[in-house]
Amino acid sequence: MIPSPTPSPFELYANLPQDRRVARAAGLKHYFPALRCLQGHMCLRRVHDAKCLRCLEVEQQAKKAAQQKELDRATAKERAMQAKERAAKEQAAEEAREAREAKEAARRAARRAAREERERERKKAKAAATRAANKVARAAAAAGEVSSASSAAPPAVLAEPAVELLPLLPPLWGGDAGDDAAPWE
Ligand SMILES: [Zn+2]
């Protein structure tokens, strides 16, 4: 006869009393009633509360599983919260960066506008200076001064930057034209 690979409970617990009171009297912790429990286990029972050991094991496993489930749920909740906080922080940082960039762009635009305004003013002043110099030259030509002052001919004067020449013109005019008023006055 081939022995079964796992011994039956009857074989395993043959030396234990089947009666709880007998087991208690013998000072044992377990007994084997050789009856199925309400859950259908054929197993040892504890003397102090008559509970089936297999039932206790199942209860403990269920409790452990429930605890693990609760732990997993709490962990998932915590992680979701952390992810949410991280996303909020990233969003705030991104908005701050965009605000900084917008401010910087506005500053650059203002500087560019000021530079363009200065450039326009400079061109306007240069044009006004050229017009004034031309007016002086025309007045001088009309007064017959061009031929007598050929060494400082008006074309040579006009070829120079008009802005730099402006301070020189009134004395030239005044020196050549005596007490006559300058034409721009
Ligand atoms: Zn049981």
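1. Going along the sequence, the protein chain reads α-α-β-β-α-α-α-α-α. That comes to seven helices and two strands. Keep in mind that this is a predicted model.

2. The element to look at is H3, which runs over residues 53–142 and has 90 residues. From its first C-alpha to its last, H3 reaches 132 Å, close to the 134 Å expected at 1.5 Å a residue.

3. How many residues of H3 are buried? The number is three of 90, so H3 lies largely in the open. They are Ala133, Val136 and Ala140. As a reminder, an α-helix has 3.6 residues a turn, so residues three or four places apart point the same way.

4. Just after H3 comes Gly144, and it takes a positive phi of about 75°.

5. Over the whole protein chain, buried residues make up 8% of the 185 residues. If you're counting contacts with a separation of 6 or more, 33% of them in the protein chain are between residues 24 or more positions apart.

6. Which residues form the largest nonpolar core? There are seven: Ala23, Tyr31, Phe32, Cys43, Leu44, Val47 and Cys52. For background, nonpolar side chains tend to be buried together in soluble globular proteins.

7. Leaving aside neighbours within four places in sequence, Cys43 is in contact with Pro9, Cys37, Cys52, Leu53 and Arg54.

How values were computed
Residues are numbered from 1 along each chain as its sequence is written. This is a predicted model: local features need pLDDT of at least 70, side-chain atom pairs count only at pLDDT 80 or more; totals for chains, interfaces and linings use all residues. Helices (H or I, at least four residues) and strands (E, at least two) are DSSP runs, numbered from the N terminus. A residue is buried if 20 or more other C-beta atoms lie within 10 Å of its own, exposed if 12 or fewer, and partly exposed in between; C-beta atoms are placed from the backbone. Two residues are in contact if their C-beta atoms, placed from the backbone, lie within 7 Å. The expected span of a helix is 1.5 Å times one less than its number of residues. A nonpolar core is a set of buried Ala, Val, Leu, Ile, Met, Phe, Trp, Tyr and Cys residues joined through C-beta atoms within 7 Å.
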